[in-house]
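Here are a few notes to keep beside you as you look at this structure for the first time. Take them in order, with the 3D view open.

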Amino acid sequence: MTAKKQEPISKKERLQIPRQKMPQQDAKERIKNFNEVPYGLPVELAQKEAMRCIECKKPVCIGGCPVEVDIPAFIKLIVDGDFIGAAKKIKETNALPAICGRVCPQEEQCEQVCVLAKKHTSVAIGYLERFVADYEREMGEIEIPELPPPTGKKVAIVGSGPAGLTVAADLAQMGHKVVIYEALHKAGGVLIYGIPEFRLPKSIVASEVDYLKKMGVEIHTSYVIGKLDTVDELFEMGYDAVFVGTGAGLPNFMRVEGENFNGIYSANEFLTRSNLMRAYDFPEADTPIFVGENVAVLGGGNTAMDAVRTSLRLGAKNAYIIYRRSRNEMPARIEEIHHAEEEGVQFKFLTSPVKYYGDENGWVKEMECVKYELGEPDASGRRRPVVIEGSNFIIPINTVVVAIGNSSNPLIPQTTPGLETNKWGNIVVNEKTMMSSRPGLFAGGDIVTGGATVILAAGAGKVAARAIHKYVMGIPFDEREDEEKKEEKKESVSKK
Amino acid sequence: MNKILAKKELCEKVHKFRIEAPHLVEKAKAGQFVILRENETGERVPMSIGGLDKENGILTVVIQEVGKTSASMNRMKVGDSFSDVVGPLGVPTHIEKFGNCICIGGGVGIPPIYPIAQALKEAGNHVTTIIGARTKELLIYEKELSEASDELLISTDDGSYGTHGFVTTVLQKLLDDGKEVNFVMAIGPVPMMKAVVNTTRKPKIKTFVSLNPIMVDGTGMCGACRVTVGGRTRFACVDGPDFDGHEVDFDEMTKRLKMYVRYEKRAYDKFLDNEKCRLKKQVENT
């Protein structure tokens with residue numbers, strides 16, 4: 001890879017460059033392996049794509065980013081050929097660029113508000129973010145930022161998913177001692193157990209975790225807070241603040257008759273077996289997974305896409321997405337839906353199971369479904385699906401993966417007296433500080449919002465880190481200051 | 001950490017491990033369980049707690065060889081370490097002064113009965129323990145349980161020791177003799193637990209069982225361990241492992257436990273074949 005500064009060109013010329021396409025593994029080949037699907041942009045294409053940025057005077061893309069990455073600045077550095085500088089620029093506000101470049105829903109965030117999106121196509125900001133992060137990692141030039149002298153303050157972080165890792169990075173950068181407690185045997189949370197290798201290689205997560213360790217963050221795995229130690233005991237151990245980012249760790253089932261037949265998994269279990277436990281490598285790895293000929297994945301989110309594409313790679317002949325609403329309401333990233341289509345996933349929209357039938361050994365063999373039509377919009381603004389009476393039909397099925405979302409894990413709320421939760425069991429926080437009803441106890445990510453995205457969790461982590469810093473240093477929360485910042489952000493978004 | 005300090009063969013294919021786990025042992029209570037993982041490619045296996053040496057911070061776990069993972073663990077040596085010992089997990093057994101308690105253990109369900117019998121006795125209960133095995137040689141934890149209980153009764157299927165019959169034969173006899181029983185705790189193979197709750201159903205004796213379904217994370221995250229109790233789906237890892245035995249759907253549980261039988265056999269056969277090859281080579285080389 002060679003980095004060369006590109007000569008400046010006119011705005012008109014910039015607008016003529018088409019959005020670059022990322023080369024990717026052929027669909028027929030890739031369903032036989034777990035390797036990453038898109039290869040990433042080569043240097044020439046990355047610089048060409050970067051040249052498309054017209055350097056708006058008031059860049060609205062920054063406001064579209066939950067962690068406010070200075071997008072035009074890092075893109076300019078790519079044009080200049082300073083890829084390492086570009087990576088550093090992103091890392092000023094985002095500790096996890098290689099991950100976010102791959103899993104953020106950019107089309108709903110920075111790329112949606114990009115000025116070019118209106119008349120042309122937006123700059124491929126996600127591709128560029130991934131490009132610089134990969135470049136930095138592959139060159140082996142990841143530098144640890146200069147750390148301020150230790151503040152003497154200690155913060156415990158419960159859970160090492162995107163929220164926890166972000167808080168850890170930010171607090172370590174401010175000179176605080178950070179210790180992460182992770183319940184599973186590997187750090188990374190959903191990035192490790194949930195998102196498959198073909199979408200986010202685990203070596204990338206490992207290297208981001210390694211980066212934190214180099215910054216002095218301590219990580220304890222196989223350490224279940226709420227069981228081994230409670231949150232109160234963490235405070236007794238001398239932590240000045242505790243951040244809870246335990247995710248949405250309790251899978252929802254549909255409570256449909258026959259749901260406990262063998263062959264019916266929660267998405268969490270299915271993906272954990274395949275990703276964290278490496279069941280795709282059975283019997284080299286010891287954990288098995290069962291994927292039959294006909295696989296139905298229930299749900300329309302990113303997790304559903306991950307599960308259905310995993311099932312193809314594990315040998316499914318017919319892999320279905322069964323979704324209650326229509327294509328337009330699917331919450332998954334567009335890229336994931338495209339990838340699933342390319343790989344031969346069959347989509348059954350406006351469909352939902354009502355009953356499972358099993359064989360004499362308790363294995364699921366058929367699924368009875370009903371069809372829906374879309375009615376009036378509901379509270380979420382999406383059109384409510386309404387059952388079509390008498391539309392029942394049966395599909396033969398061997399494996400079912402229920403990917404309809406998660407509830408909050410009870411381990412922490414149950415063992416932390418005085419911690420306020422809402423009716424879904426999510427921890428209630430002040431949105432400006434992410435502090436809970438317990439002083440010094442902060443929370444963010446899915447445990448607060450319910451199932452959401454990696455970048456929203458990271459965004460919550462950023463807000464929490466700023467507040468935790470103030471809290472442990474005895475600086476009063478200035479809500480007005482935060483308010484103003486929010487207003488500014490709103491303005492920049494609304495000006496799109 | 002997680003180091004094996006002592007290891008003893010209790011009977012064929014069953015080993016008792018004493019594992020260094022001071023923090024876990026300090027926090028663990030009777031009825032909870034742990035998850036063990038041997039190495040990088042290893043499974044996460046839920047294991048009952050077969051003893052808590054609070055003074056020395058040592059965890060006792062009894063492992064029966066039934067497949068590849070347990071076989072491989074049973075070949076670990078003193079001084080080796082498990083890569084992970086996670087816990088304590090699950091809700092501790094509810095201990096209170098019930099009066100007359102009967103603790104029933106079968107097979108490798110006997111060791112976890114031990115800390116529960118201890119706790120019940122400490123709470124002021126009169127504890128009668130019934131343990132059973134196929135034959136005398138397979139009976140384990142007799143000494144421990146005779147110390148922990150006020151009374152220890154034994155059954156063997158072949159009559160080689162104690163009462164000829166099952167643990168339920170002994171239990172039924174106690175009930176027939178008019179013994180007042182206020183609480184029964186049963187841990188063992190599913191057919192045994194099912195037989196115990198069938199025995200105590202009619203006289204309406206409060207009976208709890210400790211379930212050991214297939215698990216992955218053990219913290220509520222995956223739902224592999226779902227069991228139907230009182231018509232509702234519960235997660236054994238966070239809602240259990242103890243449940244009211246009269247409410248448990250044991251037939252469903254039996255089927256769910258067999259989900260990976262084919263895979264388990266494949267992995268176990270491969271493991272034994274490899275082991276045979278290795279031994280053969282060793283013999284040839286010497």
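This is a predicted model: local features need pLDDT of at least 70, side-chain atom pairs count only at pLDDT 80 or more; totals for chains, interfaces and linings use all residues.

1. Start with the secondary structure. Chain A contains 20 helices and 16 strands.

2. Next, the overall form. The C-alpha trace of chain A spans about 65 × 60 × 50 Å along its principal axes. A compact globule of 496 residues would have a radius of gyration near 23 Å, and chain A agrees because its own value is 23 Å.

3. How much of the chain is tucked away? Of the 496 residues in chain A, 57% are buried. As for contacts between residues at least 6 apart in sequence, 70% join residues at least 24 apart.

4. On charge, chain A carries 62 positive and 68 negative side chains. The centres of these two sets lie 4 Å apart.

5. Finally, a helix to zoom in on. Which residues of helix H3 (residues 43–50) of chain A are buried? They are A:Val43, A:Ala46, A:Gln47, A:Glu49 and A:Ala50. Viewed down the axis of H3(A), these buried residues fall within an arc of 160°, so they line one face of the helix.

Terms used
Residues are numbered from 1 along each chain as its sequence is written. Chains are lettered from A and ligands numbered from 1 in the order in which they are written. Side-chain values use heavy atoms; hydrogens and water are left out. Helices (H or I, at least four residues) and strands (E, at least two) are DSSP runs, numbered from the N terminus. The radius of gyration is taken over C-alpha atoms; the globule rule is 2.2 Å times the number of residues to the power 0.38. Buried means under 20% relative accessible area, exposed over 50%, partly exposed in between (1.4 Å probe, protein chains only). Contact means heavy atoms within 4.5 Å. Lys and Arg count as positive and Asp and Glu as negative; His and the chain ends are not counted. The place of a charge is taken as NZ of Lys, CZ of Arg, CG of Asp or CD of Glu. The arc is that of the directions from the helix axis to the C-beta atoms.
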